[in-house]
Amino acid sequence: MRPRNLLRRIVWTANAIRHRDPLSPRLFRRLFGSVRRRPWDPSKTPRRVAILRSDEIGDTATTLALLAAMRLQWPKAVIHLVVKPGPATMFHAASTVDRVIEWTPITEGSAPKRQILTARQALRRFRLRGYDLAVLPRWDFDDTPVRYLAVASRARSVVGFAPVPDREPVWFGDQSQLLTDEIERGDVPLLTVDQLRRVAQRLGLAWPEHHEQAIGYELFDDADARRVAQMAPLPADPGLVIAVGIGARDAKRQWPVEDVNETVSALGESGSITVQILGGEVDAQRAVRLAELLRERGVPAVNLAGGLSLSESAAAIARSHVFLGNDSGLQHIASAIDLPVVVVTCHPESGSPWSDNAPERFGPWSARSAVLQPATPTAGCAEECVADHPHCIRQVRPADVAAAITGLLQGAAS
């Protein structure tokens, strides 16, 4: 057994001892679930639907594809989207959602305490009316009590992917007992959008191709676009507008700003360009550095890192011609807008496609996209990059990234 897996087992065992008296999934279901639970009938049209996501920005943004399929086939259904407070800000303009419900998972304390408090959260957010259908789109393992929340929403049908027993908290028992319909995960890693397609198939929904009408424009409204225009107006003749997302959750996934500068400067040699630098507050210092480097090369740069909401960031991306960034939430927003997307990732080509950084699972999904990654891991890494700083990602060369961007743009023009 690998040391990492052994450590995980030890942690699980310790928690199992500490939380040895949770409510069983079957008992929780009987106490807090709907008395009329039943498997979902794909031929039916629900009146009230809840989609529950425990994910961060990127995966949550992809939910737009499932929402579009639901709204197309169930135009009169009341659809509620349950998400964490951070990603919730993306959906204020979404016409496919009737209500966005913010939810902070309870992950501290004993198992019974988390279960009971989650049931109380459900009562406060959903009241007693309940839903015809609750959908859990997360494909990977989940260490939050979101399935308990779905049951306590008093939904008659709870549809979700099969749990991952060897990765989820064993002291919570058989999580399958919380679902009325279990979708097989399969033995091939899938892009996030393709995971949602499988959910739609189980629900009996037709799957509209989002490339025909970009779903990402649901993420912002005219007020968001006006604020971006007022905050950072583009030049009268901006030329090629490049949105650069410099942030990523882990430092190992952050391509050095010096390499971003080399890439963008190379593109500027063949014509006029303007750069929009995007990111969160944690990226502010790196954004200032990149803006300085670009201006030294004579490249106009608008530094918006830390100054925009997620919806305003979507509006800024939408006024660009191409997106360049790391494996991050912003690249999923750019994919939803169906912009040409180039992603630089730390995950080596020879690495495991099941990794949490693998582009096979979390890569861009726009019609025109490219992923640049190291061919092999750097010394010290194997199936994935395990560093706490930019490491394997440094193998990606600016000239290759610039060529990928040029290729995508030329393909769009032809």
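Tutor: Start with a cut-off: buried means under 20% relative accessible area, exposed means over 50%, and partly exposed lies in between. Keep in mind that this is a predicted model.

Student: Is Ser265 buried or exposed?

Tutor: Ser265 sits in helix 9, residues 257-268. Its relative accessible area is 7%. The cut-off for burial is under 20%. Ser265 is therefore buried.

Student: Which side chain makes a polar contact with the side chain of Ser265?

Tutor: Set aside neighbours within four places in sequence, and Ser265 is in contact with Leu294, Arg297 and Val299. The side chain of Ser265 also reaches a backbone oxygen, that of Asn261, at 2.7 Å. The side-chain partner, at 3.3 Å, is Arg297.

Student: Now strand 4. Which residues point the other way from Leu133 and Val135?

Tutor: In a regular strand the side chains alternate between the two faces of the sheet. Strand 4 covers residues 133-136, and all four of its listed residues are buried. Leu133 and Val135 point one way; the other way point Ala134 and Leu136.

Student: Which residue of strand 5 stands opposite Val135?

Tutor: Strand 4 has a parallel pairing with strand 1 (residues 48-52) over three bridges, and there Ala50 stands opposite Ala134. Strand 4 also runs parallel to strand 5 (residues 157-161), joined by four bridges. In strand 5, the residue opposite Val135 is Val159.

Student: What is the phi of Arg154?

Tutor: Arg154 is found in the loop between helix 6 and strand 5. Its relative accessibility is 28%, so it counts as partly exposed. Arg154 is not a glycine, yet its phi is positive, at about 65°.

Student: Asp338 also has a positive phi. Is Asp338 buried or exposed?

Tutor: Asp338 is found in the loop between helix 12 (329-336) and strand 11. Phi of Asp338 is near 65°, in a residue other than glycine. The relative accessible area is 14%, so Asp338 is buried.

Student: How many residues of helix 3 are buried?

Tutor: Helix 3 runs over residues 57-73 and reaches 26 Å from its first C-alpha to its last, close to the 24 Å expected. It is largely enclosed by the rest of the structure, because its buried residues number 14 of the 17.

Student: Which element gives the most to the largest nonpolar core?

Tutor: That core has 59 residues, and those with the most contacts inside it are Met70, Leu203 and Ile317. The top contributor, with eight residues, is helix 3. Apart from this core lies another of 38 residues, among them Trp255, Leu267, Cys346 and Ile393.

Student: How far apart in space are Asn357 and Cys385?

Tutor: Asn357 lies in the loop between strand 11 (341-344) and helix 13 (359-362). At 5% relative accessibility, Asn357 counts as buried. Its contacts beyond four places in sequence include Lys252, Asp327, His347 and Cys385. Asn357 and Cys385 are 28 residues apart in sequence, and C-alpha to C-alpha the distance in space is 8.5 Å.

Notes. Residues are numbered from 1 along each chain as its sequence is written. This is a predicted model: local features need pLDDT of at least 70, side-chain atom pairs count only at pLDDT 80 or more; totals for chains, interfaces and linings use all residues. Side-chain values use heavy atoms; hydrogens and water are left out. Helices (H or I, at least four residues) and strands (E, at least two) are DSSP runs, numbered from the N terminus. Buried means under 20% relative accessible area, exposed over 50%, partly exposed in between (1.4 Å probe, protein chains only). A polar contact is a pair of N or O atoms within 3.5 Å; within protein, one must be able to donate a hydrogen and the other to accept it, and residues adjacent in sequence count only if both atoms are side-chain atoms. Contact means heavy atoms within 4.5 Å. Two strands pair if DSSP finds at least two bridges between them. The expected span of a helix is 1.5 Å times one less than its number of residues. A nonpolar core is a set of buried Ala, Val, Leu, Ile, Met, Phe, Trp, Tyr and Cys residues joined through side-chain atoms within 4.5 Å.
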